Amino acid sequence: MIDRPRKADRRSFDTWDTFNSMAQAGLSLPLLFTPQLVELGDELSRIITGISTLEPGRDDHRFEDPAWQENPIYKASMQTYLAWCNQLNEAVNHSDLDEKNKTQAKSAIKQLMSSLSPTHPANNMDAVKRVVKARGASLVHGLNRMTSDVLAQTDQIRLADLDSIKPGKNIAATTGAVIFRSELLEVIQYKSVTVKVQKEPVFIIPSPINKFYITDLYQHNSLTHYLLDKGFQVFSVSWRNPTIEHRDYGLECYIQALIEANESVQTTSACDKINLFGFSAGGIFASILASILSQRQSPQLNTATFAVTNFYTHTETQLGILFNQQMIAASKTLLKLRGIIGGKELNSLFAWLSPNSLLWNAWVCNYFTGEEQPTADVRYWNNDAPRIPSALFCDFLDLYQDNLLLEPNQLRLCDTAVDLSQVTCDKFIIAGSNDHIAPWECCYQSSLFLGDNREFILVNRGHRRSIVCPEGSKKARYYTNNVAFQSYDDWLSNATQHHGSWWSHWTDWLKVRSQNSVCAPEQLGCDAYPAIGKAPGSYILE
């Protein structure tokens, strides 16, 4: 368990209690929401007469079909929906709720209004067009799928065709070997494809909440393959899918496993300094590992990169507002009794954090058009969630509850006090403007605690697609700004936009900080850590 001081509980808050307070205020003081009702009526009048200027947000892709602008009925339904969304949020803004409860209320409104969107099956223009074009065959196919899922008694919408994708064959298929295996992880060394390689290896630490191969999907989407093409030595952790036997494996056990894994990478690559790359919850692991390694006598980090990782839990995120003090306490008690949390449960949680892309779009694609969804490799990975030991999940709740990562010396693991300010190597931070799990504003605030020598970039994508951003992505954009403003708004307003993938920008950044290249290793593994199996290893298949 985490060794930490006791703190007074924060004031709890609950989303539905917030709605109840707003409803009671509206009934007892009808004038409270009168301005919003008047404005809604005015806007509806403009919609009826065809002079409304309401448009969806730039990042709202639900209304991209031209019919939402060209067909007056569809346009009116879209604008009516948007008017309701706007005025509900304005009602929250003008209420007497404090900022935390306002954030919760807006999140709940977002979930509710996503469920009521006019883009759902019967009105989804792309779906309707496909049904007409296929003369109903696509709808029959979709209904067959729905019947199969109902008969299989599945509690989740199918996110990908599970039969067409196989780890080790068409995803997680980059050539490599397992060079180290412990009770919690395997370390994979990938075979170099260039004659010369950068001396300092890239060591990838994925999130334990998902399988590692988000960085090694289809070849054109594989960050691992891209790094190899650019002349880097690449190593990656593959986490074990824990069972009830691992119920007591907490954060300290995982960090100790990473320390041992890091030693295998250093020895095999014959280089003391590594380029650490952690993403999502793996970024939290990477930050703790970086703090521990930085406090040792001989520096062991060349650079540290953190992608879509939020350390700053004092800011309410869409994930954070789902938990209050009572829920956290109840969750810990339940988890200790169960010992393990299932991957499907985590998938359901994250799906409701981004319902438009992970729920409603999946519903339309599977059951109304009967088609395979785009980016099937990403969706397969998203569906392939491992289990989590109760001890680790409880430790994550403690990190969230008390903001331990950003308070120096308040968290002690592996006989070392964690202090992110001790990570003095150059740092690279990536965030996604549409991230529903680690909002970019929180990631930016987190980066301010990492000291100097850092670069922050913002990608115009969500949590997963910020990582999977190959070159040639036509709609990909990213923003840079070398000035470290204290305010993320100031940073963005002065940032420079770049077209394309951030991958090339990052690899150029790494190469500037690398020593001379060396000959690529002729074989995988070394005397101390010989190859013990082919990539992607055995833990990925559990």
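Biologist: Where is the place of P536?
Modeller: P536 is in the segment after β17 (533-534); strands (E, at least two residues) and helices (H or I, at least four) are DSSP runs, numbered from the N terminus. This is a predicted model, in which local features need pLDDT of at least 70 and side-chain atom pairs count only at pLDDT 80 or more, while totals for chains, interfaces and linings use all residues. Residues are numbered from 1 along each chain as its sequence is written, and side-chain values use heavy atoms, with hydrogens and water left out.

Biologist: Is the peptide bond from A535 to P536 cis or trans?
Modeller: The bond from A535 to P536 is cis, and its omega is near 10°.

Biologist: Which residues is S238 in contact with?
Modeller: Leaving aside neighbours within four places in sequence, S238 is in contact with L184, L185, E186, I188, F212, P536, Y539 and I540. Contact means heavy atoms within 4.5 Å. S238 lies in strand β5 (residues 234-239). The C-alpha atoms of S238 and I188 are 7.3 Å apart in space, although the two residues are 50 apart in sequence.

Biologist: And S238, buried or exposed?
Modeller: S238 counts as buried because its relative accessibility is 1%. Buried means under 20% relative accessible area, exposed means over 50%, and partly exposed is in between (1.4 Å probe, protein chains only).

Biologist: Let us step back. How many helices and strands does the protein have?
Modeller: The protein has 18 helices and 17 strands. Of its 542 residues, 55% are buried. Among contacts with a separation of 6 or more, 81% are between residues 24 or more positions apart.

Biologist: What about the largest nonpolar core, how many residues?
Modeller: That core has 67 residues, and I255, F285 and I288 have the most contacts inside it. A nonpolar core is a set of buried Ala, Val, Leu, Ile, Met, Phe, Trp, Tyr and Cys residues joined through side-chain atoms within 4.5 Å.

Biologist: Which element gives the most to this core?
Modeller: Helix α10 does, with 9 residues.

Biologist: At what angle do the axes of α9 and α10 cross?
Modeller: The axes of α9 (residues 251-269) and α10 (residues 281-294) cross at roughly 65° and come within 10 Å. Axes are lines fitted to C-alpha atoms, for helices over the stretch in contact, and angles run from 0 to 180 degrees between N-to-C directions.

Biologist: Which residues make the contact?
Modeller: From α9 they are L251, Y254, I255, L258, I259 and N262, and from α10 they are F285, I288, L289, I292 and L293. They divide into 10 nonpolar, 1 polar and no charged residues. Here Ala, Val, Leu, Ile, Met, Phe, Trp, Tyr, Cys and Pro count as nonpolar, Asp, Glu, Lys and Arg as charged, and the others, Gly among them, as polar.

Biologist: New topic: where does W503 lie?
Modeller: W503 lies in helix α18 (residues 503-512). It is buried, with a relative accessible area of 1%. The side chain of W503 reaches the backbone oxygen of I467 at 3.1 Å.

Biologist: What else does W503 touch?
Modeller: Not counting residues up to four places away in sequence, W503 touches N221, S222, L223, Y226, I467, V468, C469, P470 and E471.

Biologist: Last one: what is phi of S280?
Modeller: Phi of S280 is near 55°, a positive value in a residue other than glycine. S280 is found in the loop between β6 (274-279) and α10, and S280 is buried at a relative accessible area of 18%. V308 also has a positive phi, near 40°, and is a residue other than glycine. V308 is found in the loop between β7 (301-307) and α11 (325-338), and V308 counts as buried at 1% relative accessibility.

Technical notes
A polar contact is a pair of N or O atoms within 3.5 Å; within protein, one must be able to donate a hydrogen and the other to accept it, and residues adjacent in sequence count only if both atoms are side-chain atoms.
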